[in-house]
Amino acid sequence: MTSKAVPKALRIALRGDSILTNPRFNKGTAFPAPERKTFGLTGRLPYRVNTLEEQCKRAYDQLKIRDTPIRKNTFLQSMKDQNWVLYYALIRRHLKELIPIIYTPTQGEAIANYSHLFRRSEGLYLTYANEDTMEEDFLEQTRGRNLQLFVVSDAEAILGIGDQGVGGIGIATAKSALYTLVGGIHPAEALSITLDVGTDNEELLKDDLYVGWPHTRVRGEDYDRFVDKFVQLVRKYYPHSLLHFEDFGVNNAKRLLDFYRGQHAVFNDDVQGTGAVALAAVMSAVGVTKSRLADQRFVIYGAGSAGLGIARQLRQGMTTLDNVSSEQANKAFYLLDRHGLVKQSLDASFIRKGQEEFARPDSEWDGVPTDGNGEVGLLEVVKKVKPTVLIGCSTKKGVFTEEVIKEMAKHVERPLIMPLSNPGRLAEVDPKDANEWTEGRALMASGSPFPPTKQPNGREYIISECNNALIYPGLGFGTMITQAKSMTDTMIIAGTRRLAALSPALRDPDLPILPDFADAPEVNYEVAVAVAEQAIEEGVAGVDWKKEDAKEHIKHAQWIPVYQDFIYDSNGVR
Ligand SMILES: NC(=O)C1=CN([C@@H]2O[C@H](COP(=O)(O)OP(=O)(O)OC[C@H]3O[C@@H](n4cnc5c(N)ncnc54)[C@H](O)[C@@H]3O)[C@@H](O)[C@H]2O)C=CC1
Ligand SMILES: CC(=O)C(=O)O
Ligand SMILES: [Mg+2]
């Protein structure tokens with residue numbers, strides 16, 4: 001990565017409109033008079049030179065008059081297409097307010113309406129119908145670029161709203177934007193990609209304006225070959241990059257991660273990022289209740305990519321931090337999915353790969369009431385298990401009912417309740433209700449932002465956002481800066497421990513269990529440092545600097561949204 005903390009003058013080979021229409025270089029009215037002269041911009045811009053601060057103020061005023069989140073999202077998207085520094089500087093100044101606009105939930109809405117809102121290309125579209133020209137298409141966009149990061153989605157399971165076809169490019173761009181915003185990755189060093197392998201979303205297929213490949217989803221060997229062709233291109237041309245998988249379907253997410261982990265530095269955010277942030281939240285809650293991870297009983301409702309990723313990460317936390325065996329740790333988990341409790345006697349076709357490790361023995365459930373199909377439901381599980389931690393990643397709105405929450409709270413002084421499904425309208429419980437039903441005793445964290453609740457003592461309780469965006473930019477940055485050949489489990493644990501240590505609740509149990517999103521840049525910096533130190537310590541790093549230098553290296557390499565001076569040079573960047 002190049003060093004950017006104190007921006008030096010940049011040599012560029014563009015002039016006139018080609019600068020003004022290039023979001024990487026455009027400064028709009030902030031071009032100072034000498035640069036206007038050098039680059040042929042004097043007559044192309046109004047007289048007055050603005051500071052970045054003034055531009056942010058004007059942009060914020062313009063943003064405020066957009067009256068719906070989706071209009072604000074479209075406005076910001078168009079600003080990103082015009083001027084990167086201004087876009088990132090504006091959002092940095094209003095982080096908490098604007099992250100929900102450029103990320104979940106509003107970006108979900110933008111993705112669902114992608115074909116109707118479409119204005120211009122924003123990444124690399126690799127389409128199954130064009131498989132033959134994939135390498136050429138890839139090189140057209142990547143040749144000569146210093147890319148460090150590829151964020152890719154096949155859009156089968158977007159942000160809790162399912163298969164969105166080609167609109168999936170929108171999750172790749174949003175995740176890339178957060179890498180820059182809170183992780184400090186140079187926006188020119190990241191590429192967002194969608195693998196358009198069709199869609200099974202009937203509405204999109206029926207839509208005349210759909211801009212993706214209008215075909216049902218390609219699956220099986222053809223799908224694997226297509227994905228592999230893409231991964232091998234990344235490996236061939238960018239062997240030291242990080243490949244981030246986002247929102248792949250449940251049958252592919254973990255499978256592809258396992259398959260490629262040994263070949264390249266790959267990361268699946270829904271599996272690993274979500275697991276890491278959830279583990280940090282639980283570690284923090286365990287600090288509040290002065291217990292151990294290994295003492296908890298976990299009920300996880302929705303055992304898909306996120307649910308299973310969380311279970312595995314919690315298990316790893318238990319084995320690494322509390323020294324219990326994997327077998328022992330497995331006994332702490334009770335997973336539920338569409339067929340109720342995952343128990344050993346369930347029809348094999350109902351047990352997804354990975355769930356079997358956590359399947360409960362049937363003998364344990366003798367005498368417990370079941371529904372007509374012999375399935376054990378959530379309330380019965382809570383009654384029997386008396387969980388200390390209840391996690392939802394099912395998109396089943398409201399499934400943590402009053403009866404379920406009250407039952408849990410009967411047995412546990414400080415129940416930890418985490419409705420992680422996005423968007424907020426699909427949360428398993430509204431934190432306000434969970435707070436009321438537990439007389440304010442619950443510790444809580446949610447996947448999407450929720451307003452604070454009121455405690456019986458009159459204090460506000462802030463609902464932490466337990467969203468992978470609090471950690472993945474740091475996990476990624478720490479991996480990239482060290483050119484690690486893989487992102488190992490121990491690197492993830494190191495980042496998670498650092499995040500957990502920053503929990504406000506460790507100072508005061510009435511404070512949130514995770515740091516505030518407004519602090520996401522500082523938090524991710526700390527995570528990146530911990531990950532880089534671990535990569536160097538365990539010998540997977542490809543750099544020759546020492547662990548002690550990680551802080552400085554990372555600080556120095558982080559991109560910040562400020563304008564650089566420009567010098568014209570016909571051999572410069574373009
Ligand atoms: N807070 C965060 O950082 C993250 C939140 N999520 C959210 O978690 C949710 C799930 O995401 P993924 O795990 O990627 O999806 P997924 O499709 O892999 O998993 C969902 C699981 O829930 C199960 N499920 C669906 N309806 C159910 C029902 N009525 N009863 C019981 N089980 C049911 C499915 O069978 C599946 O196993 C989404 O809302 C997603 O936005 C996902 C990743 C990160
Ligand atoms: C946050 C995230 O990655 C998801 O909802 O899929
Ligand atoms: Mg995701």
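Q: Why is ligand 2 said to lie between domain 1 and domain 2?
A: Both domain 1 (51–249) and domain 2 (282–469) give residues to the shell around ligand 2, so that places it between them. The domain bounds come from an automatic or database domain assignment. This is a predicted model, where local features need pLDDT of at least 70, side-chain atom pairs count only at pLDDT 80 or more, and totals for chains, interfaces and linings use all residues. Residues are numbered from 1 along each chain as its sequence is written, while chains are lettered from A and ligands numbered from 1 in the order in which they are written.

Q: Which residues are around ligand 2?
A: They are Thr104, Leu159, Gly160, Asp247, Asp269, Asp270, Asn422, Asn467 and Asn468. A residue gets listed if its C-beta atom, placed from the backbone, lies within 6 Å of the molecule.

Q: How many residues of domain 1 are in contact with domain 2?
A: Nine residues of domain 1 touch 10 of domain 2, where contact means C-beta atoms, placed from the backbone, within 7 Å. The C-alpha centres of the two domains lie 31 Å apart.

Q: What makes H20 oblique to H21?
A: Helix H20 (residues 472–481) and helix H21 (residues 489–501) pack at about 130 degrees. Angles under 35 degrees count as roughly parallel, over 145 as roughly antiparallel, 65 to 115 as roughly perpendicular and the rest as oblique. The angle of about 130 degrees therefore makes H20 oblique to H21.

Definitions and conventions:
Axes fitted to C-alpha atoms, helices over the stretch in contact; angles between N-to-C directions. Helix = DSSP H or I, 4+ residues; strand = E, 2+ residues; numbered from the N terminus. Contact = placed C-beta atoms within 7 Å.
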